[in-house]
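New notebook page, new structure.

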Amino acid sequence: MEKLIKDGSVVFETAVRKADILIRREKIAAIFSPGEYVGNAEIIDANGLYIMPGTIDPHQHLGLYKPLGDAFRMDTPRQAIGGLTTLLNYQRGKGDYYETVQEAIRDGEENSLVDFAFSLGLCAKEHLDELEGYVKRLGITSFKFFFDKQDIAHTFYDLPKEEALTLDKADFYFILKKLREISPELLLCIHCEDADLFRALQKSVKEADDQEDRYSLTGFEKTRPGWVETITVSDTMWLNHVVDGNMYVVHTSAATTVGMYDTLRKVLKGNVTLETCPHYLLLTKEAPCGLLGKVNPPLRTVKDNDTLWEGIRNGSIKTVGTDNVPVRKEKRFEHGDDIWAVFVGFGGPGIILPTLISEGYHKRGIPLTTLSMVNSTNAARIFLLRDKGVIAPGYDADLALVDLDWEREITPELFGDSDFSVYEGMKLKGWPRYTISRGEIIQKDGVITAKPGRGKYLRRFVN
């Protein structure tokens, strides 16, 4: 049966206005002025709600600390509560990608509540020979380069050293160039921290043996200060200029990076996108979560938070990804409890839209149209999710119907597939009353109304 979302305020790309949205099967079939539709569709009353494209999270690490299928099944329902309808997971590691990606697709389609795609980590030399095949056979159009794994990729991915990529600037240049030759639409996502610098700083902090530094986020931030990120972004932006490439900086954390980007983008060729994460918008290195908040790059300062928010306002930062890693405390601390032993990463499922509404719209007055682009539309375009992220006829009916005044505290039922949250106790104002994925209501008023295993793998293509 057709559905009509009636009497809501629709957040289009450049304006917010009252409209009714007709859904037929999985697509947006038409958009009507209020009261214009004549028919017998099932009515979804959106009076008082703001209709936005469902969240697209371009940065997750499901399966890093636990089986991928379990993570999809346990974590994606929590993500839907926050308005998420599509995620991109970083797939990397051992084995033949043609086989392991197919296994990951099966894990997702059997267990995910929402639609999903993969960005593929480049770790081995053979990956470069197979790039075009990954695009054509697997439908993958985004890849990841790990500067933080320079010289040690073989230890992470169980490869003979001679078969692993060095992951230095030369590798970056040649990979970016090869992607550009295949198609200028292909995207290279980059973890931008200079390994030579942060390893030297780690050694310096360790030799100082300051006991307070050993057990604090402040001490950890000294090992990877913001300028370590900024230098790497500036170098890669210049190389991207040389190649006229298409690069994407994941988890931007530092105010200096945003300032440098704003300067260089005026004079350099190529596409460069900055992404940030909710934890860099909400938390600092003084956060009460302590080393539960250890993450690369580290949490920083209020000044960094504020600069990132201004980057969202002015368009310097175009996307937000959670860097979501479902994990339990036991795993995080299995090797010790200081900055050298604690594993990095933490869960942050479904937090993007409530963060943008609560902290961006309510506290900073950033327009809903801007926040909607950051929440969904920009990621859809950058990652070639051609049926997603836009409220218009022909697009997938992926929608979040948001109550701007609904305030919720982050409590255990919102942790996802983790037994802790770095956001625990925080109150965020602005949550979806409905999350609709391809025309199906998958959550209503915080209660999941669909079963995991309905999510589709999204094969992407280049023109």
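Before anything else, a reminder to myself: this is a predicted model.

**Aromatic rings**

I began with Phe145, which has 0% relative accessibility and so counts as buried, the cut-off being under 20%. Then I looked up Phe147: its relative accessible area is 4%, so I put it down as buried too.

Phe147 has another partner, Phe172. Here the centres are 5.7 Å apart and the planes sit at 40 degrees, so I noted this pair as tilted. I checked where the two residues sit in the chain: Phe147 is in the loop between strand 9 (142-146) and helix 5 (153-157), while Phe172 belongs to helix 6 (residues 169-182). Phe172 is buried, as is Phe147.

Next I searched the whole structure for aromatic pairs and got 14. I also found a cluster joined by ring pairs, made up of Phe72, Phe116, Phe118 and Tyr457.

Then I looked for charges over rings. Arg137 lies over the face of Tyr98, 3.8 Å from the ring centre. Arg224 has its charged end over the ring of Phe198, at 3.8 Å from the centre.

How many residues of strand 7 (residues 84-91) are buried? I got 8 of 8.

I went through its partners. Strand 6 (residues 55-60) pairs with strand 7 in the parallel sense, over 4 bridges, and I saw Gln60 standing opposite Asn89 of strand 7. Strand 8 (residues 115-121) also runs parallel to strand 7, joined to it by 6 bridges. There I found Leu87 opposite Phe116 in strand 8, and Phe116 is one of the residues in the ring cluster I noted above.

I then traced the connections. From strand 7 the chain passes through helix 2 (residues 97-111) to strand 8, in a right-handed β-α-β crossover. Strand 6, helix 1 (residues 68-81) and strand 7 also form a right-handed β-α-β unit.

**The largest pocket**

I looked up the volume of the largest pocket: about 1200 Å³. Its lining has 46 residues, and the closest to the centre are Leu64, Tyr65, Arg92, Lys149 and Phe156. Which elements give two or more residues to the lining? My list reads strand 7, helix 2, strand 9, helix 5, helix 7 (195-208) and helix 9 (217-223). Helix 2 gives the largest share, 4 residues.

Most residues other than glycine have a negative phi, and most peptide bonds are trans, so I went looking for exceptions.

The peptide bond from Asn296 to Pro297 is cis, with omega near -5 degrees. I placed Pro297 in the loop between helix 12 (278-282) and helix 13 (302-314).

Asp244 has a positive phi, near 60 degrees. It sits in the loop between helix 10 (226-243) and strand 11 (246-249). His251 also has a positive phi, near 35 degrees, and I found it in the loop between strand 11 and helix 11 (255-264).

Is each of these two buried or partly exposed? Asp244 has a relative accessible area of 29%, so I wrote down partly exposed. His251, at 2%, counts as buried.

Terms used: Residues numbered from 1 in each chain as written. Predicted model: local features only at pLDDT ≥ 70, side-chain atom pairs only at ≥ 80, totals over all residues. Heavy atoms only, no water. Buried < 20%, exposed > 50% of the residue type's maximum accessible area, 1.4 Å probe, protein only. Pairing = 2+ DSSP bridges. Right-handed = clockwise from strand over helix to strand, strands pointing away. Phe/Tyr/Trp six-rings, centres within 6.5 Å; stacked < 30°, edge-to-face > 60°. Lys NZ or Arg CZ within 6 Å of the ring centre and 35° of its normal. 1 Å grid on protein atoms, 1.4 Å probe; cavity = no way out; pocket = protein on both sides within 12 Å on 5 of 7 lines; lining within 4 Å. Points joined across faces, edges and corners; volume = space filled by probe spheres on them.
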